[in-house]
Every structure is written in C-alpha cells, then in structure tokens.
Amino acid sequence: MALTLVEKIFNSHLRDEPFPGTKVLDLDVVMCHEITTPIAINDLMARGLDRVFDASKIKVVIDHVTPAKDSKTAQQAKILRDWARRQRIHDFFDVGRNGVCHALFPEKGFIRPGFTVIMGDSHTCTHGAFGAFAAGVGTTDLEVGLLKGVCAFREPRTLRIHVSGTLPEHTYAKDVILKVIQTLTVNGATDRVIEFGGPVVEAMSMESRMTLCNMAVEAGGTSGVCMPDMTTVKYLWPFVEKEYESPEAALQDFSQWRSDEGCRYEQELQIDVTDLEPMVTDDFKPDQVRPVSEMEGRPVDQVYIGSCTNGRLEDLRVAAKFLEGQTIAPSVRGILSPATPKIFRDAEDEGLIRIFLDSGFCVTNPTCGACLGMSNGVLAPGEVCAATTNRNFNGRMGKGGMVHLMSPATAAATALRGVITDPRKL
Amino acid sequence: MKSFGGPVLFLDRTDINTDEIIPARYLTEISREALGPHLLEDLKLEGFDPKGDAIRNARVIVARRNFGCGSSREHAPWALEANGITAVIAPSFARIFRQNMFNGGLLALELPETAVDLLFQFRKEQAEISFDLEGQRLTIAAGGHQEEIAFSLAGFDRTLVEAEGWLGFAAARY
Ligand code: SF4
C-alpha cells in the first residue's frame, strides 16, 4: 500500500495502541532545554523516578536564557546541568558551546530521516526538514519520554503543500511559509503534518527547509516535514559517512522514508511563488500576513535577526548583503544573535560579523533571548520590533511590545531605513 | 480523579494563545503554584479583568476555537489549575495544549460551535457548569434557566482524566 512519510514512521515506531486511534511511539531522540525540563526533572525526582530510558538518546542544551541573567534562570540551568551530569548524558551543551536548540541539534547530526523526536518546545517541528517526525510536547509528555522513551499521538493526517514556480529575487523560505500560514490560518493544520514538496522545496537548502518546517506549528501543525533527498544526504554526510559506502547508498536508504507515489493525503494545496512578494505580519497573529508593499513605512524601534527560524548562516549572509558598507538608521537598535557557535564562527570567518558590527548592529552570543522576550533585547511597552523570528503574539518580545515577522532580507532593509522597507527597493 | 465544574469564565475570542495564558516572563518559575497569580495577565479582552472576581471564582473556562495555540508550555494548564480551573470548553484546541490538559488529568472538552454558542448565551449571568462524566453530559445553569448538553469523552482522553494524567498510566504500562 502506498504510504505517506508520516504513516511509515508511525508504523515502524508503533509500540502500543492502548485505545483506537491513540498510537504510542518509540522515540529515537528526546531533546531538552532549561525552560521546560527542570520542572520535569523535579517532578520525576519527587516521584522517585530520577532516571532516563537511554542517556544516548537524550540531547540537552541551555539555550533560552544563557548565560543566566538572574538567580532564577541560573537555578533553572543548574537543575538541568546537575541532572545531565547525574544521568551521564553525553550530549549536553552549556555556555560557550550552546546555541538555539533547533539550530544546534541538526548541526550536530542528531536528526536522521525516519526518526521520531520530541522536545518540550513547540518549534520541534523544525527537525521534520530531515524527513523525521518531530513534535513539540508539554512537560508531562517530556517526562514520560525521558523515563520510558515513548510518546502518545493521535496519528496525524498529512496536508501536502506543493510549492511550484520560481522564487523571485529577495524572497525566501520565510516569505513562503508566511504565505502558507496566511492561507491555512493559525489552526488550519491542527492535528496534521504539513508535507512541503514540489520543485521550489526540492531546490532549497536544508536551512531553508528548516525555516519552512519551523513555522508549521504557527498553522497549528503537529509537525512539518520534507522528503529526504540528496540535499539531506549532503548535509548529514559528515555524520553518516562511516555507515554508508557512498552518498548514493545513503540516499537509497534515506529514500525509504519518502512518501510513496499514490499515497493518500488528506488535503493537497498548490502554491505558485512566481509572483510572491516579501511578506510581513501585521497585528498579533502569525496568519495576519501582508505583502511588504502594504506595510512599508511603519517605524520600528528594534530589528532582531536570529532564532531557530532565521538565525542560520544563510540568513546572516542575506542580511549582510544589505548591510555591507551601510549604517543602520539611528532610530533603530539592531540585534544579531547567530543561532549557534558554529554559525557565529563561520560568519566571523566570512567577514559577516564585521559587517553587522560596522553597520551598527549589536551581536549577541547564540541564545533565544529576545525571541521570547526573556533577555537580550526585551521591548518596552509601545515599542515595535522587526524580527526574523516566528511569533508575533501580543507581548511576545516584551509586555506591550509589537513584533512584525519577516525574512532576514526585509529585516536588514528595515534596519537601514528605520521603517518597514521592501528589500527589492534597495 | 480531579473535580470538575463550577462558576464559568467566558472568554469570547478565538486563538487565545499560551503567551496570553501565561507570559514567558514567568517561565523562570520552577513551582506550579507560583504561576497562579499571573494567569491570563496579558489577555486584552473587553470586559475582562485578569485580576477581577470572575477569574478568581472560575472553575471552568468557555472560549472560542483554537484555544491554547502557541508554545508547548505546560505552564498554561498549570496556571489554570493553580487558580482552580480544571476544565476548558471550546470548539477546538491547539494540539499540544489539549494533550497537556489531559496529560495532567484536566479536561479540554471540544463541543460543536453551536453548543459553545449556546453556552455563551449564559454569559450575562453568574453561570455555573456541572459535569456528569459517566453520563457524558454537562449542565449549564444561570438565573433560573438551565441547559443540558451531551459530549463525548472516550478512549485515551477519558482514561487520562480518570488516571489523573499520563505519567502514572505510562509508568505502569511501559
Ligand atoms: S529561538 Fe525563539 S522560537 Fe526558537 S526555540 Fe528559542 S524561543 Fe523558541
């Protein structure tokens, strides 16, 4: 029978079906950060269950507020750090080695096609870019995942989005996903996995695919997913070269996880991006998206480039192209947070960090920081931020603040002018 | 099993997100109780006062579709429970929020839009909802009227409510 990628993963990982429609899956990776895991650890300890199912399958990072900003965040980090040591978790990333979870873990080669992945973080869907089933969960699911290596799901149906046409200059994966969310609305993909395919997605880098999958949850999706292909193999090659004779052999193995020809999707959507404009969110919901031409001229106080959505090297390269030799508007505070130490180092080697600094940007260490309004660029009430992040909820980057989501190109153009600016006009 | 039912807080908006239910600035708390005072602190909604009596007395929330969208933080159900709110009724929920509610033995009850509209008709008075989980029906009463509405709660969701959550169930079974 022809199956979707997600159906294949569910079938191959099914541990139990305690009730019709409830599938309990074996997990390949359980990821942890310091915001949602410490409560899980404390609760497991209180229940006398301070152990883990398999330390090698648990990946831990301190990323949301790091280095700690106050006693409370220091305590959260300490609970996680002490636990990782106690449980002998090898893959633990602390200050100096840490970065935003959904950028760091793929870069370390932890995710493979066909994997099941959970984390106490809604943007875990990012890892679906590798052809994995990766879902955000709450603390209780995380506790069970850590303890037993399983998680229960209603089997999600697949919503296929076929992206065709040619991406115009100055439009990127971020513009595509904002367009998709506008089309689906904030709950259009609830209890579904969004499968991204078609020639535009096939031509995208892994980084761009991660940008797409990252925001699947903004349409309510359980996860986003892309088909593994040669791009996936090339990205993962340094981590799998001992396992396969050649990239072709790896491709053949990875291809078992592709949706079959003739599989049944619950819904299929076509999006032609040939006329796509750079997109920007308005107001406080991620489906309130408008073409930049309708948003131009709105003043911003801060421009934030970073996060698990668009804080990767290719994003920094795009923004730096606009910033090179220029200075940002005096009314704007520019903040760059490269998502991982590797990205930071590569950007440094390519001269990008220098370009940001020369243009007037502040460059922070890799962290979530301002993305969720916890540190490194929290907004004051009434302030407006142009951000490459994924959530524009009221107060997301600081109580009373407003966030406009956009691509790194649009954000850089906006930084130069101090008002929302169409990058095609610079 | 936890106890369900009591005075209702009506939140007449779709897509109420987890940042509104409990803002990220309180995620540094490592006890659930500490979240209680900040429930719905950032929700801007006409007639709603996050520090008012309606929220303090409430045991049930009735809201519009896609309640609990956004982050995966289980702090959202915890903040509700810390205020004595053990049940939320809406036409639909965001997946992670709904699962988090049941995983903690709380009730995230999906009813058709028409049934939720009917509940909203009681918003002007001091409405109370009582649940009959066995008979799968609820009763809303206010100002001398009442209505009964059937719901379905079966399988996994019902088991989690009865077992007061997923951890106990999973620890025993796997
Ligand atoms: S960068 Fe922002 S969206 Fe991504 S994991 Fe961190 S806080 Fe969440």
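This is a predicted model: local features need pLDDT of at least 70, side-chain atom pairs count only at pLDDT 80 or more; totals for chains, interfaces and linings use all residues.
Visitor: What is the strand order of the open sheet in chain B?

Guide: Read it as E4-E3-E2-E1-E5-E6-E7, 7 strands with mixed pairing. Strand E4 (107-110) and strand E7 (145-150) of chain B are the edges, each pairing on one side only. From one strand to the next, the twist averages 25°, where axes are lines fitted to C-alpha atoms (for helices over the stretch in contact) and angles run from 0 to 180 degrees between N-to-C directions. Helix H4 (residues 95-103) of chain B lies across strand E3 (87-90) and E4 of chain B, at about 130° to E4(B).

Visitor: How many residues lie between E6(B) and E7(B) in their hairpin?

Guide: There are 2, and B:Gly143 in that turn has a positive phi of about 50°. Strand E6 (residues 137-142) of chain B runs antiparallel to E7(B), joined by 6 bridges; B:Ala141, for instance, has B:Gln146 as its bridge partner in E7(B).

Visitor: Over in chain A, what is the pairing in the sheet of 5 strands?

Guide: That open sheet is parallel, in the order E17-E16-E15-E18-E19. Its edge strands are E17 and E19 of chain A, and its twist averages 25° from one strand to the next. Within the sheet, E15(A) and strand E16 (residues 333-337) of chain A run parallel with 5 bridges, and A:Val303 is partnered by A:Gly334 in E16(A). Likewise, strand E18 (residues 384-387) of chain A pairs with E19(A) in the parallel sense over 4 bridges, with A:Cys385 opposite A:Val403.

Visitor: Which residues are buried on the two sides of strand E19 of chain A?

Guide: In a regular strand the side chains alternate between the two faces of the sheet. For strand E19 (residues 402-405) of chain A, A:Met402 and A:His404 are buried on one side, and A:Val403 and A:Leu405 on the other. Buried means under 20% relative accessible area, exposed over 50%, and partly exposed in between (1.4 Å probe, protein chains only).

Visitor: Why is helix H15 of chain A called largely enclosed?

Guide: Because 9 of the 10 residues of H15 (residues 408-417) are buried. Among them are A:Pro408, A:Thr410 and A:Leu416. The cover includes helix H12 (313-323) and strand E13 (279-281) of chain A. H15(A) also packs on the sheet, touching E15, E17 and E18 of chain A (contact means heavy atoms within 4.5 Å), and its direction makes about 150° with that of E15(A). After the helix comes A:Gly418, with a positive phi near 80°.

Visitor: How much space lies in the largest pocket?

Guide: On a 1 Å grid over the protein atoms alone, a cavity is a set of points where a 1.4 Å probe fits but cannot get out, and a pocket is an open set with protein on both sides within 12 Å along at least five of seven lines; lining residues have an atom within 4 Å of a point. Grid points are joined across faces, edges and corners, and a volume is the space filled by probe spheres set on the points. The largest pocket holds about 430 Å³. Its lining has 22 residues, and B:Val8, B:Leu9, B:Phe10, B:Ala54 and B:Arg123 are the closest to its centre. E1(B) gives the largest share, 5 residues.

Visitor: And which residues lie nearest the centre of the largest cavity?

Guide: They are A:His64, A:Asp121, A:His123, A:Leu372 and A:Arg396, out of 23 lining residues. That cavity holds about 240 Å³.

Definitions and conventions. Residues are numbered from 1 along each chain as its sequence is written. Chains are lettered from A and ligands numbered from 1 in the order in which they are written. Side-chain values use heavy atoms; hydrogens and water are left out. Two strands pair if DSSP finds at least two bridges between them.
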